[in-house]
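Reader: I would like to learn how to read the features of a structure one at a time, with the general idea before the particular case. Could we go through it together?

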Amino acid sequence: MKPLEIHIRDKVIFARVKVMHRSIGSSDYTLYDKNGVSIYIFRNTMGNWEHAYGKLADDVREACLDALILRFDRNCTEMFYYKGERQVVDISFAAGGSSWHVLVNRYHKGSIKLSDMTMELAYSEHNRCEALTCERIEKYFRWIREGKIKGG
């Protein structure tokens, strides 16, 4: 498996990673140093990522979590930081419909709908989210049009 690329303190470091599926919806991700010694374990349980084992500085821990989410979280359309907090955006097509659900940190924030008449995309906000700016929504529209976000 290709090494995990971790961006930290204006540097890029690489760590070997081994994935162990524990049960449905739960996996452990073990990071190894260059000598093959297991040093850190991270866990993903039903989309909730956590640091489970190994002592790490806060910024290194968060950088490792970022790298793991970007590489292994299938529900991550985009990840960014807003006011110092990680925002994981999941945009998925509603089966049998003509809209995409927009979730931020696993909470439903709105939907993107394709108009049958004009073939234009429109965003309907269901729960206020300051992090979802007009520019971000426009980017998601572009990604849908380009096929980067799958849909009907």
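**Reading the fold and its contacts**

Author: From the N terminus on, the elements of the protein chain follow the order β-β-β-β-β-α-β-β-β-β-β-α, where helices (H or I, at least four residues) and strands (E, at least two) are DSSP runs numbered from the N terminus. That gives 2 helices and 10 strands in the protein chain. This is a predicted model, in which local features need pLDDT of at least 70 and side-chain atom pairs count only at pLDDT 80 or more, while totals for chains, interfaces and linings use all residues. Residues are numbered from 1 along each chain as its sequence is written, and side-chain values use heavy atoms, with hydrogens and water left out.

Reader: Which domains does the domain assignment give for the protein chain?

Author: The assignment, which is automatic or from a database, gives domain 1 (4-74) and domain 2 (80-146). The C-alpha centres of domain 1 and domain 2 are 27 Å apart.

Reader: How should I read the interface, and what area do domain 1 and domain 2 bury between them?

Author: The size of an interface is often given as the accessible area lost when the parts come together. Buried area here is the accessible area (1.4 Å probe) that two parts lose on being put together, summed over both. Between them, domain 1 and domain 2 bury about 420 Å², of which 42% is on carbon and sulfur atoms. Of the area that domain 1 buries against domain 2, 61% is supplied by Glu62, Asp66 and Ile69, more than by any other three residues. Counted by contact (heavy atoms within 4.5 Å), 7 residues of domain 1 meet 4 residues of domain 2.

Reader: How many salt bridges are there between domain 1 and domain 2?

Author: Side chains of opposite charge can pair when their charged atoms come close. A salt bridge is counted when a side-chain nitrogen of Lys or Arg lies within 4 Å of a carboxyl oxygen of Asp or Glu. Between domain 1 and domain 2 the count is 2 salt bridges, and the side chains of Asp66 and Arg86 form a salt bridge at 2.7 Å, N to O. Helix 1 (residues 58-72) gives the most to the side of domain 1 that touches domain 2, with 4 residues.

Reader: How many salt bridges does a search of the whole structure find?

Author: The search finds 12 salt bridges. In one of them, Asp59 pairs with Arg9, with the closest N and O atoms 2.8 Å apart. Asp59 lies in helix 1 and Arg9 in the loop between strand 1 (4-8) and strand 2 (11-23), so the pair ties together parts that are 50 residues apart in sequence.

Reader: How many aromatic pairs are there by the rule, and why is the pair of Tyr29 and Phe72 called tilted?

Author: A pair of aromatic rings is described by the distance of the centres and the angle of the planes. Rings of Phe, Tyr and Trp (its six-membered ring) pair if their centres lie within 6.5 Å, and planes under 30 degrees apart count as stacked, over 60 as edge-to-face and the rest as tilted. The count comes to 4 aromatic pairs. The ring centres of Tyr29 and Phe72 are 4.9 Å apart with the planes at 45°, so this pair is tilted. Tyr29 in strand 3 (residues 26-32) and Phe72 in helix 1 are 43 residues apart, and the pair links distant parts of the chain.
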